[in-house]
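Subject: Handover of a structure and notes on its contacts

Dear colleague,

Please find the structure below, together with its sequence. My notes on what was found follow directly after it.

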Amino acid sequence: MARWLVGLVLISSSGFSAAAWAEASILELLSDEGNLTPQAFLLQVEQDYPGIISEFEIDVVNGELIYELSMIDTSAETITEFEFRAKDGRLVTQEVARLEADDRDELIAVNLMEDKSLTFYTLVVKAMKDKQAFILEAQLDHDLGISYLELKLINVDGKSKLAFDIKTLRPLPLLKWN
């Protein structure tokens, strides 16, 4: 029994170290001045491509920071998924598909943003207000009659999450599910 407990402690503590190391590594990549910040990147994409960004996330491939995002073009009824290099903003992949039923919640949020003449970048800036953090993920959603932006952030203090109501332009309390 004692060996089992020691093994469990070693496994759980090494897992924690790996997670902490991964966070530090991602934060280091995001802090690298050679990479576009997620916010600068979002603004650039909105200027270069039609539609409204509905989802953004980062990925690390072979030590390189990659920005992945989806854009919904309501007039063309399409969703385009992109991958870009964070170093120079160069397009890596692009896939266009017709909007489907499972895009419905994002589409409702995008329609509200269009009605309010909001861009994803502007919404992110309003949601982050004075927070000094990098975006790990950002996604539009619609649930329980509320269209909102969900953000996952990281800074030197660790990760955090926030939700921001698109209609009222105010933070939403985060619900915790079991």
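This is a predicted model: local features need pLDDT of at least 70, side-chain atom pairs count only at pLDDT 80 or more; totals for chains, interfaces and linings use all residues.

Salt bridges

Asp-88 takes part in a salt bridge with Arg-85, in which the closest N and O atoms are 3.6 Å apart. Over the whole structure, the search finds seven salt bridges.

Another of these joins the side chains of Arg-98 and Glu-77, with an N to O distance of 3.9 Å. This pair links distant parts of the chain, 21 residues apart. Arg-98 belongs to strand 4 (residues 91-98), whereas Glu-77 lies in the loop between strand 2 (64-73) and strand 3 (78-85). Glu-77 has a relative accessible area of 46% and is therefore partly exposed.

A further salt bridge is formed by Lys-161 and Glu-150, whose closest N and O atoms are 3.7 Å apart. Here too, distant parts of the chain are linked: Lys-161 is in strand 7 (residues 158-165) and Glu-150 in strand 6 (residues 146-155), eleven residues apart. Both partners are partly exposed, Lys-161 with a relative accessible area of 44% and Glu-150 with one of 25%.

The nonpolar core

The largest nonpolar core comprises 42 residues. The members that touch the most others are Phe-56, Leu-69, Phe-120, Ile-135, Leu-140, Leu-149 and Leu-151. For Phe-120, the contacts beyond its neighbours within four places in sequence include Phe-56, Leu-140 and Leu-149. Among the other residues that Phe-120 contacts in this way are Leu-42, Ile-53, Met-113 and Ala-138, as well as Glu-46 and Ser-54.

A buried histidine

Where is His-142 found, and is it buried or exposed? This residue is part of strand 5 (residues 134-143). His-142 is buried because its relative accessible area is 18%, which is under the 20% limit. Its side chain is joined to that of Ser-147 by a polar contact of 2.7 Å. Neighbours within four places in sequence aside, His-142 is in contact with Ser-147, Tyr-148, Asp-105 and Ile-108.

Yours sincerely

Methods. Residues are numbered from 1 along each chain as its sequence is written. Side-chain values use heavy atoms; hydrogens and water are left out. A salt bridge is a side-chain nitrogen of Lys or Arg within 4 Å of a carboxyl oxygen of Asp or Glu. Helices (H or I, at least four residues) and strands (E, at least two) are DSSP runs, numbered from the N terminus. Buried means under 20% relative accessible area, exposed over 50%, partly exposed in between (1.4 Å probe, protein chains only). A nonpolar core is a set of buried Ala, Val, Leu, Ile, Met, Phe, Trp, Tyr and Cys residues joined through side-chain atoms within 4.5 Å. Contact means heavy atoms within 4.5 Å. A polar contact is a pair of N or O atoms within 3.5 Å; within protein, one must be able to donate a hydrogen and the other to accept it, and residues adjacent in sequence count only if both atoms are side-chain atoms.
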